[in-house]
Each structure stands twice: as structure tokens, then as C-alpha cells.
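Please read the following report beside the sequence and the coordinates, so that each residue can be found as it comes up.

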Amino acid sequence: MVKSTVNRATRSDVAKEAGTSVAVVSYVMNNGPRPVAEATRLRVLEAIKKTGYRPNSVARALASGTTKTYGLVVPNISNAFIASFAHALQQEALSNGMVMLLGDAGDSRQRELELINNLLSRQVDGLFYNSVDRHPYIDVIQATGTPLVMLDRVDPSLKVNILRVDEREAARQVTSHLLSHGYQEIGIICGPLERFNTQDRLAGWRQALADFGITERPEWIFPTTYTREGGYEAGQQMLKNDALPRALFASNEAQAIGCIRALSEHNITVPEQVALVCFNGTDQSAFHVPSLTTVRQPVGEMAKRAIAMLTAPEGEAQLSEFAHQLEIGESCGCCFNDSRNAAQK
């Protein structure tokens, strides 16, 4: 009969049922370090099943010095790019025999701190951390000695492992792609202005305009949240202006999708009337109508590198920067311009 959870079975119970020692039960459970005869192993496994024994992960962690868990704290898992990166990290952790515990801050700085303290209290073997704003709780984590990899741009003087893409250069390149089509009136839907990644993407957009000799128009800068709702609201705000920009850089995929929705409600089509590119595209970009021209980050490679950084011997903080990839879709006007030029020939 399986024992109730009130009187939880122990290894001693298993050993008694199997007619062997507690040490042999441990060898079977841990697949070593000493070999166990096949008949004995099967007898122990049958005893485990009969008693309902389950290993005590807390006790195992105390004995081994590891919980076999990582923590991941993100601003908002509803962001498609963050979700895709979280998935890649989880798969890489599992392939390394680890479990990933997810903490979704819901864009709340207070909740972010609560999640960090909760994960630290669980003695996770390391933390991956993308903060809600520009003041991450790095000192709280470092005070515990827990290995840490930041998944966002932070001040290098903090001496912490950082994994990132050069967002300024990526923003410059994707904006330059718009400008290469001959568009002169370029706007931007960016994130909250206090965010470091917003500042990087704005700087890249500005650099591209300067490279093409175009003066920015402040009324075509639309700060908002990194959400579909934010993109929709930015699109609505844009439509209140006297004139629309001919092209837009949306600083993430969700904003792009929301903006296209706002424009479509006013029968404004992309790319025919407003061309658009975006940052941090995911697999969704190719299935949107129109498909989105976007900058993609190599999340699979980044996940592998993040795990390697977290498990590296203690030493100098590492900065690992990845190249981005420009993925051409329909929203920038490439296909539209090609078909128009063909019709004119």
C-alpha cells in the first residue's frame, strides 16, 4: 500500500521493503557511485513504487550544495520576444540537467524585487535577469554571491556579466534600410524614455537620419510601452497630427502590430501609405499581414552563451555581445516598390 503524504516514505522504508541497505537505495537513486546488481536494482525500484517514496529535493540540495535550478526574472512574459528568449533559455537549462524558475514582474518594479528575493530564498544556482527599468536590483543579488547574467544593457561599472545585442547599431541599420528606399519623413515609436534600451534605439534611429542628411522631427517621436496596446495608442496619437510620417521604425514587434491596427482602422495601409520596420522580431513577424521587416536576435545562440557565462569559474565579469540579423518582410515596402517598378517598365 502506498503511504500517505502525512507519513512520507523515507529511504529507510525503501531499504526495509527491498531487503537491502540505505546506501544501496542511494546508489540506485543516483545511478552510482557504486554499481548495483540488476536484480537488486529492480527490487529497489519496485520498493520505491510500493512505498511511494519521493526524494527530498531540499535535503538533496543541502547535501550536494546545489538545487539544480536557475531563476529567470523578466519585465513581462507577454512580450513575444521575451517569451521566445525565455523558452530558449529553459530548453538550454533542461539540456544541462537544470530546471528554470520563471519570475514575471508584470512591469512592476516592486514585484520584480519580490521575485528576486523569492528566488534567492530558494537558493537557485544562478539568476538571469532583465529588469523593468534602468535601476536593477543587482546589489541585492550580488550580496548573496549568486551567479548572475544580465540580459539587458546596464552600467559596465557594476561589474556584472552582461549578454546583449548592440541595439543602437541594430536600430541604425533597420532605419537605414527604410531610408534606402528614398523615404525622407521617418518617425519612431520607442519605449519609455527612461529605459536604457529606448535610449539606444533612439540613438540608432537618429544616427541613421544624420547619415542620410535628414533632420528629425520631434513630433514624430512617440514614446510608449513595449506592447501592442502601446503601439496602438502611438498610432492613434500619430493620426491626430497634421501629417503622417511616410515611414516608421517601431522599436519592438508588439508596437508594430498595434500601430498597424490603428492605421488600418483609418484605412491607411502598410507599406503603401506608411512603410514600417521593427526591432526584436520573433517567428510571428513572418506570419503577420503584412509580414514585418525586423531585426532578429539569435536567441538560441544567446541562450547557450548565457548558460556558459553563468557556470563559468568566478573571475572578471564578462560582456558577450551578439550580432543582429535584418530579416526582410513586406512592411518596409521592398516588395511593394519592386512590383511598382516592374509595372512601370
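The text below goes from the overall shape to the sheet, one of its helices, and a few individual residues.

This is a predicted model, in which local features need pLDDT of at least 70 and side-chain atom pairs count only at pLDDT 80 or more, while totals for chains, interfaces and linings use all residues. Residues are numbered from 1 along each chain as its sequence is written, and side-chain values use heavy atoms, with hydrogens and water left out.

## Overall shape

The protein has 13 helices and twelve strands, where helices (H or I, at least four residues) and strands (E, at least two) are DSSP runs numbered from the N terminus. The radius of gyration is 26 Å, well over the 20 Å that the globule rule gives for 345 residues, so the protein is more spread out than a compact globule; the radius is taken over C-alpha atoms, and the rule is 2.2 Å times the number of residues to the power 0.38. Along the principal axes, the C-alpha trace spans about 85 × 45 × 35 Å. Of the 345 residues, 47% are buried, with buried meaning under 20% relative accessible area, exposed over 50%, and partly exposed in between (1.4 Å probe, protein chains only). Among contacts with a separation of 6 or more, 69% join residues 24 or more positions apart, a contact being heavy atoms within 4.5 Å.

## The parallel sheet

Six strands make up an open sheet with parallel pairing, in the order E2-E1-E3-E4-E5-E11; two strands pair if DSSP finds at least two bridges between them. Strand E2 (99-104) and strand E11 (319-322) stand at the edges with a single partner strand each, so one side of each has no neighbour in the sheet. On average, neighbouring strands of this sheet are turned by 20° against each other, direction ignored; axes are lines fitted to C-alpha atoms, for helices over the stretch in contact, and angles run from 0 to 180 degrees between N-to-C directions.

Strand E4 (residues 148-150) pairs with strand E5 (residues 161-165) in the parallel sense over two bridges, and valine 149 has asparagine 161 of E5 as its bridge partner. E5 also pairs with E11, again in the parallel sense, over four bridges, with serine 320 of E11 as the bridge partner of leucine 163. Ser320 and Phe322 form the covered face of E11, whereas Leu319 and Glu321 form the uncovered one. Helix H6 (residues 109-121) lies across strand E1 (69-74), E2 and strand E3 (127-129), and runs at about 175° to E1.

## Helix H5

The 16 residues of helix H5 (residues 80-95) should span 22 Å at 1.5 Å a residue, and the end C-alpha atoms are 23 Å apart, which agrees; the expected span is 1.5 Å times one less than the number of residues. At the start of H5, a side-chain oxygen of asparagine 79 comes to within 2.9 Å of the backbone nitrogen of phenylalanine 81, a polar contact being a pair of N or O atoms within 3.5 Å, where within protein one must be able to donate a hydrogen and the other to accept it, and residues adjacent in sequence count only if both atoms are side-chain atoms. The buried residues of H5 include Phe81, Ile82, Phe85 and Leu89, and the buried residues of this helix pack against E1, E2, E3, E5, helix H11 (253-264) and helix H12 (299-311). Just after H5, glycine 97 takes a positive phi of about 75°.

## Backbone exceptions

Most residues other than glycine have a negative phi, and most peptide bonds are trans. The table lists sites that depart from this pattern.

| Site | Backbone value | Location |
|---|---|---|
| Valine 270 to proline 271 | cis, omega near 10° | proline 271 in the loop between H11 and strand E9 (275-278) |
| Valine 289 to proline 290 | cis, omega near 0° | proline 290 in the loop between E9 and strand E10 (293-296) |

Lysine 68 counts as partly exposed at 47% relative accessibility, and aspartate 107 counts as partly exposed at 44%.

## Threonine 198

Threonine 198 lies in helix H9 (residues 196-211) and is buried, with a relative accessible area of 1%. The side chain of threonine 198 reaches the backbone oxygen of proline 192 at 2.8 Å. Not counting residues up to four places away in sequence, threonine 198 touches Cys190, Gly191, Pro192, Leu193 and Tyr226.
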